[in-house]
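Please look over the protein chain shown here before reading the report, and keep the view open so that each named part can be found as it comes up.

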Amino acid sequence: MGIVKVLKTQLLCHLIICYVFLVSGFIINLLQLCTLPLWPINKQLARKINCRLGYSISSQLVALLEWWSGTECTLYTDPESYPLYGKENAIVVLNHNFEIDFMTGWTFCERFGILGSSKVLAKKELSFVPVIGWMWYFLEIVFCKRKWEEDRRTVVQSLRNLRDYPENFWFLLHCEGTRFTENKHKISMEVAEKKGLPKLKYHLLPRTKGFCATVQNLRGTVTAVYDSTLNFRNNEMPTLLGVLNGKKYHADLYVRRIPLDSVPEDESECAVWLHKLYQEKDEFQEHYRQTGQFPGPITSPPRRPWALLNWLFWVCLLVYPLCRLLLQLLLSGSTFTVVCTFVICFAVSVGIRWMIGQTEIEKGSNYGNKDVQLNNN
């Protein structure tokens, strides 16, 4: 096992993982592009195909977390609600405290067979990002610019388009709008004090307008809100680089199923309801900090093999021709070709590590008044 752990930290393995993800992603994006002529003929079939193609991309990140890192996931929930997970459409309200919380959310989507059709509310800029952004475009993800006056019309229309979606889906929402940091929290609580809103200890103020619009436009299609609060054991702050290095974490997720009928329809009442929900989420986090666990029964939804099998398929398909190409270059006898090959590999490795480092820095320290003020829009 020691050899395996060392192997997981090696740059060559990281390069192969990134190569497989990017190349397979571009191939799948191309296949998604080929479904465009099918939309006017059979829209529902095109949607189902895109769900499977999207799953082939997002499940690679789930496989990275579950099988490469070996991260374990424990679910705290009501046994009566558990059989409904994956069998109904739902709005999932997640806290936003960790760098890999989106991967953990996808992991639970996968364990209940809902990953391929899961939805999010994402920034408009992400729709232009190859692989993930393009995949989301074909999955009818709801994009916004974080300016409600400009977003209202497009967000409402995008949400209404999901009313006849042929697959069960979860709509994942980070209502805080940005990842929690101490500086953001300080600014957010200053805003709460000025506006007479309840203060929170472990969360930022939630953005109410996006949540209320989602509830209003998916009512009748969605049957419940899943209030989900995530934490990691031993006060760990997991990172994407840690997952890539094969570091094992243990995620605990507390989920409450709240029937959508109990959420007020009026926008102002809905906003008050959401603020109250976040006060309760704060209490759950306080309970976790004091006891090391969430309240309620524990269950561990089993890992499904499909994410791993999909990942292995792409590895087998793409790594073999790459190895043959590198071998031919090395055996070509040309010193220039050999040197260029090593230089390119080194440059790519440095570039990947730099991008991961920059991502961590930006996610950890990119805060300001504008981001936090948006949480109240």
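## Basis of the model

This is a predicted model, in which local features need pLDDT of at least 70 and side-chain atom pairs count only at pLDDT 80 or more, while totals for chains, interfaces and linings use all residues. Residues are numbered from 1 along each chain as its sequence is written, and side-chain values use heavy atoms, with hydrogens and water left out.

## The chain as a whole

The protein chain holds 13 helices and 8 strands, where helices (H or I, at least four residues) and strands (E, at least two) are DSSP runs numbered from the N terminus. Of its 377 residues, 50% count as buried; here buried means under 20% relative accessible area, exposed means over 50%, and partly exposed lies in between, all with a 1.4 Å probe and protein chains only. Among the contacts in the chain with a separation of 6 or more, 80% are between residues 24 or more positions apart, a contact being heavy atoms within 4.5 Å.

The unreviewed UniProt entry carries the annotation "transmembrane region" for residues 12–31, 126–144, 308–330 and 336–356; such positions are given in the numbering used here, feature names are shortened, and annotations may be inferred rather than shown by experiment. In the model, residues 12–31 are 100% helix and 0% strand, with end C-alpha atoms 28 Å apart. Residues 126–144, by contrast, are 37% helix and 16% strand, and their end C-alpha atoms are 10 Å apart.

## Nonpolar cores

A nonpolar core is a set of buried Ala, Val, Leu, Ile, Met, Phe, Trp, Tyr and Cys residues joined through side-chain atoms within 4.5 Å. The largest such core has 90 residues, and those with the most contacts inside it are Ile132, Trp136, Trp170 and Phe211. Helix α3 gives the largest share of this core, 10 residues. A second, separate core has 5 residues, including Tyr254, Phe284, Tyr288 and Phe294.

Beyond its neighbours within four places in sequence, Trp136 is in contact with Trp106, Val120, Ala122, Leu126, Ile141 and Phe143.

## Helices α3 and α4

The axes of α3 (residues 43–68) and α4 (residues 101–111) come within 9 Å and cross at roughly 105°; axes are lines fitted to C-alpha atoms, for helices over the stretch in contact, and angles run from 0 to 180 degrees between N-to-C directions. The two helices are therefore roughly perpendicular to each other, because angles of 65 to 115 degrees count as roughly perpendicular, under 35 as roughly parallel, over 145 as roughly antiparallel and the rest as oblique. On the α3 side the contact is made by residues including Tyr55, Leu61 and Leu65, and on the α4 side by residues including Phe102, Trp106 and Arg111. By class, this contact has 8 nonpolar, 3 polar and 3 charged residues, where Ala, Val, Leu, Ile, Met, Phe, Trp, Tyr, Cys and Pro count as nonpolar, Asp, Glu, Lys and Arg as charged, and the others, Gly among them, as polar.

Helix α4 has 10 of its 11 residues buried, so it is largely enclosed by the rest of the structure. After α4 comes Gly113, whose phi is positive, near 70°.

Lys281, in helix α10 (residues 267–291), is buried, with a relative accessible area of 0%. Apart from residues up to four places away in sequence, Lys281 touches Val93, Leu94, Asn95, His203, Asp227, Ser228 and Thr229. Leu230, in strand β6, is also buried, at 3% relative accessibility, and its C-alpha atom is separated by 9.8 Å from that of Lys281, 51 residues apart along the chain.

Lys124 lies in the loop between β3 (119–123) and α5 (132–138) and is partly exposed, with a relative accessible area of 35%. Leaving aside neighbours within four places in sequence, Lys124 is in contact with Phe143, Cys144 and Lys145.

## Positive phi in two loops

Most residues other than glycine have a negative phi. Glu140, in the loop between α5 and β4 (142–144), has a positive phi near 60° and is buried, with a relative accessible area of 16%. Asn235, in the loop between β6 (224–232) and α9 (240–244), has a positive phi of about 55° and counts as exposed, at 66% relative accessibility.
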